[in-house]
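Thanks for coming. I have one structure to go through today, so please look at the sequence and the model on the screen.

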Amino acid sequence: MFPVKKLLDEIDLGVDVQAEEEQKEPSIEELSKEAQDSPVVRAVNAIIAEAINLGASDIHIEPMEKELKIRFRVDGILRTYKSWPAHIKDAIAARIKILANLDISEKRLPQDGRIRFRVNNRKYDLRVSTLPTVYGEKIVMRLQDAESYLNVKLEDLGFEEDDLKLVREAIYSPWGMVLVTGPTGSGKTTTLYSAIVERNTDDVNIMTAEDPVEVSIPGINQVHVKEEIGLTFATALRAFLRQDPDIILVGEIRDRETAEIAVKAALTGHLVFSTLHTNDAPSTITRLVDIGVDKFLVSTAVHTIIAQRLIRKLCNNCKEPAEFPPEVLKTFGFSDEDIQTGQFFVHNPKGCDKCNGTGYKGRTAVHEILRLDENIRKSINEGKTADDLREMAIKAGMRTLYKDGLIKMKKGITDIAEIERVLMK
């Protein structure tokens with residue numbers, strides 16, 4: 001832990017706490033000088049260090065009418081951490097823009113940048129996004145621990161043993177398409193990076209097209225997509241096919257052109273990894289068809305679909321034994337055998353110091369893995385709906401996201417409140 005717990009409280013920002021009725025707009029020279037002043041520099045450093053200290057994934061710096069609100073997203077939940085007087089907003093924004101090499105004079109348009117931050121000899125990347133709002137520029141910084149991406153193994157991602165076997169079969173396939181789906185912030189990038197890091201050997205040529213490149217991985221050819229200059233996912237993919245690749249990673253399939261090239265690459269002897277924003281594994285099939293890819297190409301090219309979500313883990317220091325009667329556990333979906341062998345806990349609503357009073361600490365993933373067999377391929381060609389495909393996959397042994405969540409609950413990793421918050425039955 002870094003000694004910054006009270007640092008933000010102790011920083012003298014050099015401003016009166018009372019909001020002034022009217023403020024004149026500072027000049028660029030004044031703003032630049034103010035942004036380099038020691039209290040502002042220390043304040044920004046302390047915000048970032050404390051976010052790292054708490055394990056936050058995002059930092060939100062939000063100007064309001066009479067205050068500047070600092071919020072951190074920890075384990076997927078956004079909470080207010082600090083409020084400062086509104087006067088300081090321009091200086092804080094300017095400091096962050098200087099660090100991210102952005103134009104401090106441009107306040108009317110959104111900007112994107114990146115900051116490399118080092119704490120205790122550990123490197124962190126921050127993706128910075130600015131957005132003009134009514135009361136000033138809102139800034140969101142996405143924290144990425146470059147080293148943790150490279151050290152995460154597939155075994156660390158919450159896969160059950162049988163699912164892990166399916167995933168390994170998929171990522172060692174000679175060709176075909178492996179898709180990871182889920183909403184923003186569901187750990188798709190981590191799963192894909194773990195897969196390509198495992199496959200990253202001298203005899204494999206791996207090429208990635210990303211927007212942006214999250215983490216630089218030694219030995220892998222990574223391309224940062226820039227739509228504004230015409231370097232789209234589709235353009236990069238076409239170029240990749242002339243670069244003798246074994247594995248291609250496409251950051252996201254957003255349109256028909258990218259989808260079609262990715263499918264054709266999968267059909268011509270390449271292993272293709274990509275992501276889509278869909279709610280579950282079966283609906284990914286219908287999404288590709290809706291985008292405009294021919295049903296026959298989808299059924300032939302797609303090998304495995306991994307849908308995932310992140311759920312919070314119970315704090316081991318303060319979790320409490322659950323006192324559910326067996327009939328209640330059955331309504332959740334547990335069998336008699338599950339009830340006899342399971343270890344059921346609930347979070348402590350008051351929490352403790354170790355979990356910052358939340359009752360949860362850390363996250364793990366729940367998965368739904370659809371391996372396309374002959375019956376499912378045939379059903380895709382017949383134009384069956386996502387519901388039909390889901391029913392067929394479950395009969396063939398696919399475990400839904402909710403069922404995977406119940407396994408985590410049975411092991412005492414999470415509780416029903418968290419499963420119901422994140423997953424549908």
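Asparagine 101 sits in the loop between α4 and β4 (111-119). Helices here are DSSP runs of H or I with at least four residues, strands are runs of E with at least two, and both are numbered from the N terminus. The model is a predicted one: local features need pLDDT of at least 70, side-chain atom pairs count only at pLDDT 80 or more, and totals for chains, interfaces and linings use all residues. Residues are numbered from 1 along each chain as its sequence is written, and side-chain values use heavy atoms, with hydrogens and water left out.

Asparagine 101 is not a glycine, yet its phi is positive, about 55°. The residue comes just after α4. Most residues other than glycine have a negative phi, and most peptide bonds are trans. At 70% relative accessibility, asparagine 101 counts as exposed. On that scale, buried means under 20% relative accessible area, exposed means over 50%, and partly exposed is in between, with a 1.4 Å probe and protein chains only. Helix α4 itself covers residues 89-99, and its buried residues are Ala91, Ile92, Ala93, Ala94, Arg95, Ile96 and Lys97.

Asparagine 356 also has a positive phi of about 55° without being a glycine. Its loop lies between β14 (345-346) and β15 (360-371). Asparagine 356 is partly exposed, at 45% relative accessibility.

What follows α10? Glycine 292, with a positive phi near 125°. Within helix α10, residues 281-291, the buried ones are Ala281, Pro282, Ser283, Thr284, Ile285 and Leu288.

One more backbone item is the peptide bond from aspartate 211 to proline 212, which is cis, with omega near -5°. Proline 212 belongs to the loop between β8 (206-210) and β9 (221-224).

Next, the charges. Side chains of opposite charge can pair when their charged atoms come close. I count a salt bridge when a side-chain nitrogen of Lys or Arg is within 4 Å of a carboxyl oxygen of Asp or Glu. How many salt bridges does a search of the whole structure find? The count is 30.

Three of these pairs follow. Arginine 108 and glutamate 106 meet through their side chains at 3.3 Å, N to O. Are these two buried or exposed? Arginine 108 is exposed, with a relative accessible area of 68%, whereas glutamate 106 is buried, at 15%.

In the second pair, the closest N and O atoms of glutamate 260 and arginine 256 are 3.1 Å apart. Both residues lie in helix α9 (residues 256-267), 4 residues apart, which is about one turn of the helix. Glutamate 260 is partly exposed, with a relative accessible area of 24%, and arginine 256 is partly exposed at 47%.

Aspartate 336 is partly exposed at 47% relative accessible area, and lysine 330 is partly exposed at 46%. Elsewhere, salt bridges that share partners link Glu160, Asp162, Asp163, Arg399, Asp404, Lys408 and Lys411 into one network.

There is also a patch of negative charge on the surface, where Asp202, Asp203, Asp244 and Asp246 gather. Patch residues have over 30% relative accessible area and no salt bridge; like charges are joined within 9 Å, and nonpolar side chains (Val, Leu, Ile, Met, Phe, Trp, Tyr) within 5 Å. One of the four, aspartate 246, is in the loop between α8 (233-240) and β10 (247-250). Aspartate 246 counts as partly exposed, at 34% relative accessibility.

Finally, the overall picture. The protein has 17 helices and 15 strands. Buried residues account for 50% of its 425 residues. Along the principal axes, the C-alpha atoms fill a box of roughly 70 × 60 × 40 Å.

For a distance across the model, take tyrosine 81, in strand β3 (residues 77-85). Tyrosine 81 and aspartate 373 are 292 residues apart in sequence and 49 Å apart in space, C-alpha to C-alpha. Tyrosine 81 is partly exposed, with a relative accessible area of 23%.

Methods. Areas by Shrake-Rupley, 256 points an atom, 1.4 Å probe, with all protein chains shown as cover. Lys, Arg positive; Asp, Glu negative; His and termini not counted. Charge placed at Lys NZ, Arg CZ, Asp CG, Glu CD.
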